[in-house]
Amino acid sequence: MESECSTDWRKVVEFHGHVCPGLAIGYRLAKAALAALGYQDPEEGDLVTIAESDRCTIDPFQIVLGCTIGKGKLYINSTGKQAFTVGCRNSGKAVRVIQRPYKYSAESDELTRRVMSGKVSDDEYRRYKSEREARIREIMTAPDETLLKVEPVTVVLPEKEMIYNSPCCEYCGEQVMEPWTRLREGKIACVACAVTVTR
């Protein structure tokens, strides 16, 4: 496994804004998906990610795989699971990567709840930080087989995003992409102005 100080890990941390276990899990899942699809560089394939989580784990997929919403390569279908389907539009090959179950101790869960509520002593907070750092180190160094599961899947990937003309709404003057325009009294209207027009 790569060092925590690898270039792409540093980019992931910088993008996300802090280090946490969820970020580390997402990083490992994204790297495993890339390897399972046979790529070292995500630019080699037209990769798409369908995320089942919208939390910390999603950010590494944007950095490691280049799958962002703005590029039409990241779709969120939240199921509350740490699971991601990554597919290649060029080859049609896809894998689903998931975190294997991990159980925190009841004491650790209680400490986390206390920290999140803000009702924690300085000593407890230091213990919480120490436990988190240990868990992150564990995630970053654990063998794939104990941390995650990769399964080939058959999936219909979303089509490439279309580029549309963006006329101006004749009511509010704001530009809007064509599929979201409506006709109101013979004039182009955005969805908001098509419903409520101030005269």
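Which residue's side chain meets that of Glu107 in a salt bridge, and at what N to O distance? The partner is Arg127, at 3.6 Å, N to O. This is a predicted model.

## Glu107 and Arg127

The Glu107–Arg127 pair ties together distant parts of the chain. Glu107 sits in helix 4, while Arg127 sits in helix 5, which covers residues 122-141.

Glu107 has 56% relative accessibility, so it counts as exposed. Arg127 has a relative accessible area of 33%, so it is partly exposed. The cut-off for exposed is over 50%.

Glu131 counts as partly exposed, at 30% relative accessibility.

Glu131 has a further side-chain partner. A polar contact of 3.3 Å joins Glu131 to the side chain of Ser108. Ser108 is a helix 4 residue, and that helix spans residues 106-117. Is Ser108 buried or exposed? With a relative accessible area of 12%, Ser108 is buried. The limit for buried is under 20%.

Helix 4 holds a pair of its own. Arg113 and Glu110 form a salt bridge, with their closest N and O atoms 3.4 Å apart. Both lie in helix 4, three residues apart, or about one turn of the helix. Arg113 is exposed, at 52% relative accessible area. Glu110 is partly exposed, at 36%.

How many salt bridges does a search of the whole structure find? The count is 14. Side chains of opposite charge can pair when their charged atoms come close. A network of salt bridges links four residues: Asp46, Lys73, Arg89 and Lys160.

## Ala30, a buried helix residue

Ala30 belongs to helix 2, which runs over residues 21-36. Its relative accessibility is 0%, so Ala30 counts as buried.

Which residues touch Ala30, once neighbours within four places in sequence are left aside? Ala30 is in contact with Pro60, Phe61, Val64 and Leu65. A C-alpha distance also relates Ala30 to another part of the chain. The C-alpha atoms of Ala30 and Val97 are 8.0 Å apart, although 67 residues separate the two along the chain.

Where does Met177 lie relative to strand 5 and strand 6? Met177 is in the loop between strand 5 (148-152) and strand 6 (181-184). Met177 has a relative accessible area of 40%, so it is partly exposed.

Definitions and conventions
Residues are numbered from 1 along each chain as its sequence is written. This is a predicted model: local features need pLDDT of at least 70, side-chain atom pairs count only at pLDDT 80 or more; totals for chains, interfaces and linings use all residues. Side-chain values use heavy atoms; hydrogens and water are left out. Helices (H or I, at least four residues) and strands (E, at least two) are DSSP runs, numbered from the N terminus. Buried means under 20% relative accessible area, exposed over 50%, partly exposed in between (1.4 Å probe, protein chains only). Contact means heavy atoms within 4.5 Å. A polar contact is a pair of N or O atoms within 3.5 Å; within protein, one must be able to donate a hydrogen and the other to accept it, and residues adjacent in sequence count only if both atoms are side-chain atoms.
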